[in-house]
Amino acid sequence: MKSNNNSTQTDMSSNNPEQGDNRRNFIKKSIAGSALLTFGGVLPGFSPKSYARILGANEKVRVGMMGVNSRGLALSSNYALQPNCEVVSISDVDTRAAEKAIATVSDIQKSKPASIPDFRKALENKDMDALVIAAPDHWHAPAAILASKAGKHVYLEKPCSHNPNEGEILVSVAKKYKNVIQMGNQRRSWPNVAAAIKEVHDGLIGRPYFVKGWYTNNRASIGVGKETAVPSWLDYELWQGPAPRRAFKDNLIHYNWHWFWNWGTGEALNNGTHMLDLMRWGLQVDYPTRVTSSGGRFRYRDDWETPDTQVINLEFANNTAMSWEGRSCNGRTIEGSSVGVVFYGDSGSLQIGEGNTYTIYGLDNKIIKEVKNDFVIDPRNKMNPSQGLDALHIQNFFDAIKKGTPLASEIVGGHQSTLLAQLGNIAIRSGGTLNIDPTNGHIKGNKEAEKLWKREYQKGWEPTI
């Protein structure tokens, strides 16, 4: 993958080559001989006590941040808060976002990360162990692939790819380069969510045969954008990166790219990935046999291309099914929650709520067990509760790098969960039912739908293994 982008780079501070080699040897030795990490092999089951022990580690993992606006800024802060981590570089195409992140991180860790607008330049730092990717969806897999080739571990925000083909390439890259790639579906590491899934697996609601998930919001119209000059603070060429070029419009950046197929993946992957991942985890399934989806852009007439209202139904070979409902423009809750999952079994049901909570019901709808969020953060760690829960996922990533600990969400499983949402989008865009090969998730006998398995790339930016 290459580009002729001529954006100005900020030089990294000089590093001691011998010190860098020693650090790389430490990281390599810590995972040498470890087998490929298995999906869902070990439930996190962290407690505040065990979390404190994790934070006692001495060797710091040095990370670079790619994409630091909004979610990326939150991640930058959280990584900087980890005592066993140092944020060494900030990469963003928006100079304003980069400056804010650098100031925030510097204040937390008391050392200033380098400003390196182009993350590819940041990858040249031999003393950097991992890249954290929170850029727009069209950059997720391509950036992770480049980081893997550069010998870095990767923490990759969901979804792990823009399209199924990218996800498969990413899985192959991880196998080839044997680096750690963790997808940022943080609920995998939340203690009570992991406990809830274990309750399902242990048969507390009998055999689970159907699960529904949802996300509701009340997003405003994005209007009709006007082509205008690219702002001085934005490197729009690098922002587009692997995506085919489109004219800059004033209603695209920073968030509304989610609703354009050229860069985004809609609400199904923006928020649906989290719930579909829990649903797949609970049912212990990999790939479906049949997928249908209905919905559309119903609420407003504007530039928004992806569905604002969507239902995705998936069936599996073990006589189970799941359904996800997304409503971007009507925030009416389901089961009293704006986001959640309910597993239905032959002797009861289990609901995972918005936070680190779950409730088990009998067939008579009476509560059998209610588990509230009991996760406590040591105030000395200076993290709020949300950061503390997400920090468990970050620490799991670090442990995988340093100790070979199984990941809560390694890339094979990340791809499988992401693919469920992608197949839903392909179904609604191709106007029909998808029959799926349950051994690999591929579409069978539908040429129109198969065209959406891949995407077109800007010439010279195609990802390769």
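D277 is buried, with a relative accessible area of 1%. This residue forms a salt bridge with R188, and the closest N and O atoms of the two are 2.9 Å apart. The pair links distant parts of the chain: D277 belongs to helix α11 (residues 272-283), while R188 sits in the loop between β6 (181-183) and α8, 89 residues apart. R188 is buried as well, with a relative accessible area of 0%. The structure is a predicted model.

## Overall make-up

The protein chain holds 14 helices and 16 strands. Of its 465 residues, 58% count as buried. The accessible surface of the chain comes to about 19300 Å², and carbon and sulfur atoms account for 48% of that area. Among contacts between residues at least 6 apart in sequence, 73% join residues at least 24 apart.

N381 and Q82 are 299 residues apart in sequence, and their C-alpha atoms are 8.0 Å apart in space. N381 counts as buried because its relative accessibility is 18%, and the cut-off for buried is under 20%.

## The sheet of 10 strands

An open sheet of 10 strands has the order β14-β13-β12-β11-β7-β10-β9-β8-β15-β16, and its pairing is mixed. β14 (367-371) and β16 (443-444) stand at the edges; each has a single partner strand, so one side of each is left without a neighbour in the sheet.

Within this order, strand β7 (residues 208-216) and strand β10 (residues 320-327) run parallel and are joined by seven bridges. G213 stands opposite W324 in β10.

Two helices are described against the sheet. Helix α13 (residues 411-430) packs on it, touching β8 (290-296), β9 (309-316), β10, β15 (434-436) and β16. The direction of α13 makes about 65° with that of β8. Helix α8 (residues 191-201) lies across β7, β11 (339-345), β12 (348-352), β13 (358-362) and β14, and runs at about 165° to β12.

Helix α8 is mostly covered, with eight of its 11 residues buried. The buried residues of α8 are P191, N192, V193, A194, A196, I197, E199 and V200. Just after α8, G203 takes a positive phi of about 85°.

## The sheet of six strands

An open sheet of six strands has the order β3-β2-β1-β4-β5-β6, with parallel pairing. Its edges are β3 (114-115) and β6; each has a single partner strand, so one side of each is left without a neighbour in the sheet. Strand β1 (residues 61-66) and strand β4 (residues 130-133) run parallel and are joined by four bridges. M65 has V132 as its bridge partner in β4.

## Salt bridges and cysteines

A search of the whole structure finds 21 salt bridges.

| D107 | K110 | 3.8 Å |

In the D107 and K110 pair, D107 counts as exposed at 51% relative accessibility, and K110 counts as exposed at 66%. The cut-off for exposed is over 50%. D277 is buried at 1%, and R188 is buried at 0%.

Salt bridges also link residues into a network, made up of R62, E86 and D127.

How many disulfides does a search of the whole structure find? The search finds zero.

Methods. Residues numbered from 1 in each chain as written. Predicted model: local features only at pLDDT ≥ 70, side-chain atom pairs only at ≥ 80, totals over all residues. Heavy atoms only, no water. Buried < 20%, exposed > 50% of the residue type's maximum accessible area, 1.4 Å probe, protein only. Contact = heavy atoms within 4.5 Å. Areas by Shrake-Rupley, 256 points an atom, 1.4 Å probe, with all protein chains shown as cover. Disulfide = S-S within 2.5 Å. Pairing = 2+ DSSP bridges. Axes fitted to C-alpha atoms, helices over the stretch in contact; angles between N-to-C directions. Salt bridge = Lys/Arg side-chain N within 4 Å of Asp/Glu carboxyl O.
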